[in-house]
Amino acid sequence: MDFHYTPRQLELRSKARELTEYLEKFEVDCETNNGLAPDVHDLVRKAVLESGLQAINMPREWGGAGLTITEQAIVQEQLGRLTGAIWDMVWRPANALRFCTPEQREKYLIPVIKGERRDCYAVTEPEAGSDPQNLMTIASKVDGGWVINGEKWFVTVGDHADFMILLAATEYGPSLFLVEKDLPGVRMERVPRFMHTFVYEHPEFTFTDVFVPDSNVLGGLGQGYDITRSWFTEERLMIAARTIGAAERGLELARDWAVTRHQFGQPIASFQLIQGMLADSAVDIAVNRAYTHQVAWEADQPATDRKTVHAKAAIAKLSASEASGRVIDRCVQIFGGRGYDRAYPVERLYRELRVDRIWEGTSEIQRIIIAGELIKRGIGVLSFPTEAVAR
Ligand SMILES: Cc1cc2nc3c(=O)[nH]c(=O)nc-3n(C[C@H](O)[C@H](O)[C@H](O)COP(=O)(O)OP(=O)(O)OC[C@H]3O[C@@H](n4cnc5c(N)ncnc54)[C@H](O)[C@@H]3O)c2cc1C
């Protein structure tokens, strides 16, 4: 058993940290102005390209960084330190775009990898959230293409994206379509103000008789759910990694504050009630980082059972997002009144970590996946990876 990072992993971690530290300087601007100006987006784009961390989930031959899942988790953990979801400016195209035909790849995926265009993923609807089977957005076949009618909610990066990957019901089953945002009939109806202040918004869109050609079907008719579901393992592991990074930043700040802030003539770190919060936070972070690394490593092994890894990724997402929520709550407490001030990163992280228990499957949905795996296939989900390799 060897837990050392390889030289390459160490190099990736320090590159990601360097980029994160550069991006940190835009956090307060993002919070104060509810986003960043176009010239800042340009600066960030250049910095991302210089770091070589663009499209870390895409193969090198298409211009991505071509990282393994473990390497991606190492990078995402660093980026997760950022507030304002500035980590999302380090673009990571939707994995579904791997299903592009060669022509679609040239038009959609390659420009996204280069940072010239931006994608967004539109699955959720007013009546289809945790249960995406309840789709009301319909694509009807017409000569040469499809006409789409319906509504999509919570489309992250929808304000900034050029096109969306949209899930719609068809006569062949749920299917994905590449839909340019400026097509006639696509309307951004409402940009809700959420609890957090993210650099990108999550607008609601309506689609009225939107025509897309046959060539814009992504990954085959009827494949929509399978393609969307097939990437949950990776996406959930990345959420786990980012929330751990966020919690670690919170704890670093809270620890430094606790040893320097004096009350009753002594540093607040000398009070055992504060020490308890620091210790519990260290436990939450250390244990979740180890487990997330373990599952990311397993996801990289070709021989690993995919269903088991899927359930393990659900454990990682559930555990890390809930643990990080606990950590940041304690960090706010340690900062006292200052912890409630938006100028302090712990306040922003407190609001921002909340959504990690909701998106990419709520905590309840993760529990259902884990319990389902236990009931159907026994306790194999608890196995340590080396047991599978040794068999
Ligand atoms: C900021 C933000 C960004 C988002 N970005 C995107 C995006 O880019 N693209 C996209 O398509 N979607 C996006 N979403 C949508 C997100 O994935 C959904 O909000 C999430 O899946 C939950 O769906 P819902 O909000 O409809 O809640 P519901 O599904 O209505 O759930 C409400 C409550 O019921 C619980 N519940 C539901 N079913 C069960 C069950 N079977 N057993 C027990 N409890 C259950 C849930 O856990 C939850 O507590 C985003 C959401 C937010 C808040």
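Student: Where is Ser270 found?
Tutor: In this predicted model, Ser270 sits in the loop between strand E10 (266–267) and H8.

Student: Why does Ser270 count as partly exposed?
Tutor: Check its relative accessibility, which is 34%. Buried would need under 20%, and exposed would need over 50%. The 34% of Ser270 lies in between, so Ser270 counts as partly exposed.

Student: What makes the pair Ser270 and Gln266 a polar contact?
Tutor: Their side chains are joined at 3.0 Å. The cut-off is a pair of N or O atoms within 3.5 Å, so 3.0 Å passes on distance.

Student: Okay, on to helices. Why are H7 and H8 called roughly antiparallel?
Tutor: Helix H7 (residues 232–260) and helix H8 (residues 272–300) pack at an angle of about 155°, with their axes 9 Å apart. Angles over 145 degrees count as roughly antiparallel. With about 155°, H7 and H8 are therefore roughly antiparallel to each other.

Student: How do H9 and H11 cross, left-handed or right-handed?
Tutor: Their crossing is left-handed. Helix H9 (residues 306–335) and helix H11 (residues 363–377) pack at about 145°, and their axes are 9 Å apart. Among the residues in that contact are Lys307 and Glu322 of H9, plus Arg367 and Glu373 of H11. The contact of H9 with H11 divides into 6 nonpolar, 4 polar and 6 charged residues.

Notes:
Residues are numbered from 1 along each chain as its sequence is written. This is a predicted model: local features need pLDDT of at least 70, side-chain atom pairs count only at pLDDT 80 or more; totals for chains, interfaces and linings use all residues. Side-chain values use heavy atoms; hydrogens and water are left out. Axes are lines fitted to C-alpha atoms, for helices over the stretch in contact, and angles run from 0 to 180 degrees between N-to-C directions. Helices (H or I, at least four residues) and strands (E, at least two) are DSSP runs, numbered from the N terminus. Angles under 35 degrees count as roughly parallel, over 145 as roughly antiparallel, 65 to 115 as roughly perpendicular and the rest as oblique. Buried means under 20% relative accessible area, exposed over 50%, partly exposed in between (1.4 Å probe, protein chains only). A polar contact is a pair of N or O atoms within 3.5 Å; within protein, one must be able to donate a hydrogen and the other to accept it, and residues adjacent in sequence count only if both atoms are side-chain atoms. A crossing is left-handed if the near helix is turned anticlockwise from the far one by less than a right angle, and right-handed if clockwise. Contact means heavy atoms within 4.5 Å. Ala, Val, Leu, Ile, Met, Phe, Trp, Tyr, Cys and Pro count as nonpolar, Asp, Glu, Lys and Arg as charged, and the others, Gly among them, as polar.
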